[in-house]
Amino acid sequence: MKTPHSPDLVSRRAFLGQLSAAAALAMTARESRALDTPQAKKFGVVLVGLGTYSTDRLAPALRVTKHCRLTGVVTGSRSKGKKWAREYGFPEKNIFGYETMGQMAGNPDIDFVYVVTPNGLHAEHCIAAAKAGKHVICEKPMANTVAECDAIIAACRAAGVRLTVGYRLHYEPHHAELARLARENVFGAFMRMNGSNGFEMGTDDAASAAWRVNKKLAGGGPLMDMGVYVIQAACMAKVEAAPVSVTAKFGPVTRPKLFSQVEESVNWTMEFGDGAEAKCLATYAEAVSRFRAEAEHGWAQLDDPAFYYDDPVLTTSRGKVHLPNVNHQAAQLDGMAEELVAGRPSIAPGEMGRRDVTIIEAIYAAANSGQRVEVKA
Ligand code: NDP
């Protein structure tokens with residue numbers, strides 16, 4: 001794994017280097033109760049849902065993580081689970097079904113349960129993981145509704161486990177630098193932002209498209225799937241402030257058969273308390289991925305592909321920013337492990353996932369009504 005060198009990540013790693021029994025004890029008593037693994041060992045991670053993201057990104061990342069390893073899976077396919085057990089070297093007793101997630105309780109191989117199922121199933125699977133006493137990582141978007149986010153947060157609190165959201169870009173150096181520029185007010189407050197994220201959903205890729213265009217499983221269309229990254233970037237540029245109101249408009253439906261339940265694209269504007277505005281697009285009609293933020297004394301821009309797994313290009317009014325390129329998923333997993341060990345709050349907590357779903361609900365309400373909608377994040 002290449003080592004990230006953003007200020008945040010460097011300090012996290014330096015801190016971990018000095019890890020001692022005392023540091024491990026800095027965890028809250030409730031969280032440490034859920035930690036079955038001695039600190040000398042890597043954290044055991046179970047992936048829930050062995051689809052594209054688990055297969056192509058998370059599992060390979062868990063081969064190169066410094067502080068985590070894959071120790072089990074939850075899947076609807078026992079044969080797939082057995083194949084993974086052979087490939088990744090974990091025991092078959094650590095293959096679980098969605099209905100048997102409770103059996104993870106007390107299993108010392110498992111520290112984190114990472115939920116990577118369709119959005120509409122996140123709540124059910126996160127709550128099952130929390131009830132089993134395991135720390136929860138929930139993929140984005142956190143859930144279909146704010147009510148589901150609340151249920152996940154409540155279950156994790158009741159179980160005394162940590163809840164984070166799979167916001168990999170918070171652990172990626174170029175995005176972390178954007179956050180630093182905002183936090184340290186380097187160019188002044190970012191006041192004008194625009195961002196877009198999307199891909200052209202192909203009709204031939206029916207298997208992958210299936211749940212993403214199914215309202216019950218996806219919660220919505222590209223706003224849920226791709227738009228959440230733009231929301232994240234804009235809030236990051238506003239030092240994690242949420243917008244106070246939104247306006248929005250659905251784009252045209254060019255393929256009504258595919259997009260009968262969810263939008264094909266949506267444009268929206270987020271208005272922040274200090275008068276800043278972010279104009280945004282999420283789409284399943286074209287490949288696009290960029291973000292720009294302007295302030296009185298300068299600007300920052302993440303070029304296409306701003307939000308994908310490739311190495312992002314960050315340019316500011318001072319020139320191109322040179323930072324190391326990292327494996328996003330490995331940086332995220334190790335970053336979350338380090339936060340847990342240090343007893344630090346996560347930079348991608350469940351509350352942030354809830355904030356973003358609150359904004360998404362407001363955007364849908366605005367697009368459906370044609371009215372400006374207040375965001376009560
Ligand atoms: P896939 O469709 O490729 O995989 C989802 C997996 O979930 C399936 O393979 C299946 O695994 C399991 N599953 C359980 N119940 C169902 C069901 N009713 N319908 C379909 N699948 C089901 O999706 P992705 O891997 O692309 O996405 C999964 C999650 O990860 C989503 O929330 C998505 O937003 C997020 N994601 C995040 C990314 C990021 O960069 N952070 C990138 C891509 C996705 P099994 O066969 O093992 O039971």
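This report looks at the ligand site of a predicted model and then at its salt bridges.

Because the model is predicted, local features need pLDDT of at least 70 and side-chain atom pairs pLDDT 80 or more, while totals for chains, interfaces and linings use all residues. Residues are numbered from 1 along each chain as its sequence is written, and side-chain values use heavy atoms, leaving out hydrogens and water.

**Around the ligand**

The shell around the ligand holds 24 residues, and Thr75, Lys80, Tyr98, Arg168 and Trp211 come nearest (near means a heavy atom within 4 Å). By type, that shell splits into 9 nonpolar, 9 polar and 6 charged residues, with Gly counted as polar and Trp and Tyr as nonpolar. Helices α4 (52–61), α9 (206–212) and α11 (222–237) each put at least two residues into the shell; helices here are DSSP runs (H or I) of at least four residues.

| Residue | Protein atom | Distance |
|---|---|---|
| Leu50 | polar backbone atom | 2.9 Å |
| Asn119 | polar side-chain atom | 2.8 Å |
| Arg212 | side-chain N or O atom | 2.9 Å |

On its own the ligand exposes 900 Å², and the protein buries 80% of that (Shrake-Rupley areas, 1.4 Å probe).

**Salt bridges**

Side chains of opposite charge can pair when their charged atoms come close. The model has 15 salt bridges, each a Lys or Arg side-chain nitrogen within 4 Å of an Asp or Glu carboxyl oxygen. One of them joins Lys83 and Glu87, at 3.4 Å from N to O. Both residues sit in helix α5 (residues 78–88), 4 residues apart, or about one turn of the helix.

Key: Polar contact = N/O pair within 3.5 Å; in protein donor to acceptor, adjacent residues only side chain to side chain.
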